[in-house]
Amino acid sequence: MRPSVFVSRVIPEAGLSLVRAHCEADIWPEVMPPPYQVLQERLRGKDGLLCTLNDRIDAALIDSAGPQLKVISQMAVGYDNIDVRAAHARGIPIGNTPGVLTDATADLAFALLLCAARRLVEGIEYIRAGRWITWEPMALLGGDLSGATLGILGLGRIGQAVARRARGFDLRLIACSPDASPEDALKLGVELVSFDELLRQSDYLTIHVPLNPQTRHLIDAAALKQMKPSAILVNTSRGGVVDQPALIEALRNGVIAGAALDVTDPEPLPADHPLLSLPNAVVVPHIGSASRRTRDHMARMAAENLIAGVSGQPLPHAVPPPG
Ligand code: GLV
C-alpha cells in the first residue's frame, strides 16, 4: 500500500508531483492554511505530514495523528512553529529546506536595506500624491551605504550571503554570532564583535538568527536604545526576534531612524496595525524565499524529505535533535 500523507497547502508542482507519484496525498486546497483542529482531523491516521510555517505542530497534534506518523516535513528553513523536542521524543524526524533559500533571502534583506536607506516607498508615495513638481535639492535625502557599517546579527548561511553582497557596496562589516568561525569571518571581511558593540556601531543592522527561546525579543527596548538614532533595522528572520511594540515606540520617538521588515509578530499584520502607518517603516509580507526558482527547490526538497520519511529512510535534510 502506498503511504498516506497530508500536505497542508498547495505547493509548487515541482514538489507536489513527486509527492503524488509516491504517496496517497490529501492536499489542503485553500489559500488560508487549515485551522488547527482541521489539521488534527486530516492528519489522523496519516504516515506523513508536509507542512508550512503557518501550521502549529505541537505534542497534542503529533499524538492525535496516531503512532503510524513517520515524518514531519516542513517547507521552510525555520521551524519555530514545530515542537521539535516532542517530535524527536516520539521518534519522528523533522525535515526542513536549508540552503536553497539562502540567496533569495539575502537578496530580499539587501532590497529592504536599500529601500529603507534611500526611502523608496516614500518616494513612490510622493509621486502618487502629486508632490513631484520639481527636482528638489533637499527632498527625500537618505543614508549612504558606502563607508557605512553593516551589522549582521547571525553569521550563518544567510548572514554570510548578505555579507558577500555588502562587500560590493563598500560597507564595513561587523557581526555578532557566537558560533561563527573566525576563519569564515576573516574570509568574508567581517569583524566579529559583541552584541553591545554590534548595536552601538551599526548604521544598518540586519537580523539572521533563528527564533528560539534565546533569541525571542533579543532586540528589545534596551537594545534599540543602544543603537544610533540614524540606524536602520532590517529583519528577514522571524518577527519574534524583535519586541515589536518596543520597535514601534523607537520608530515613533526617533530612537532609531527606520526599519525594514519582511517578518512581523503576528503574521499577517492587520491592515490597520500601527506599524503600517509609520513613514519610517517598510513592511513586506514574509516574501524572503518568494522567488519562483527558490520555491520550486523548497517544494522539491520538502517532498524528498517526506518521501524518505514515509519509506523509513533517513531524511536528506533533517532538523538536528534539540541539544
Ligand atoms: C521562511 O521564512 C523560512 O523559514 O523558510
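Which polar backbone atom is 2.8 Å from an oxygen atom of the ligand? Let's walk there together.

Before you start, know that this is a predicted model, where local features need pLDDT of at least 70, side-chain atom pairs count only at pLDDT 80 or more, and totals for chains, interfaces and linings use all residues. Numbering runs from 1 along each chain as its sequence is written, and side-chain values use heavy atoms, leaving out hydrogens and water.

**Stop 1: the two domains.** Colour 4–100 + 292–310 as domain 1 and 102–283 as domain 2; these bounds come from an automatic or database domain assignment. Their C-alpha centres lie 31 Å apart. Eight residues from domain 1 and five from domain 2 make the contact (heavy atoms within 4.5 Å).

**Stop 2: a bridge across.** Select Asp 80 and Arg 238: they form a salt bridge, with the closest N and O atoms 2.9 Å apart. The term means a side-chain nitrogen of Lys or Arg within 4 Å of a carboxyl oxygen of Asp or Glu. The rule finds one salt bridge across this interface.

**Stop 3: the ligand.** Now show the residues around the ligand: Leu 53, Ala 76, Val 77, Gly 78, Leu 101, Arg 238 and His 286 (each with a heavy atom within 4 Å of it). Here is the reply to the opening: a polar backbone atom of Gly 78 is 2.8 Å from a ligand oxygen. For Val 77, a polar backbone atom is also 2.8 Å from an oxygen atom of the ligand. Return to Arg 238, where a polar side-chain atom lies 2.7 Å from a ligand oxygen.

Key
A polar contact is a pair of N or O atoms within 3.5 Å; within protein, one must be able to donate a hydrogen and the other to accept it, and residues adjacent in sequence count only if both atoms are side-chain atoms.
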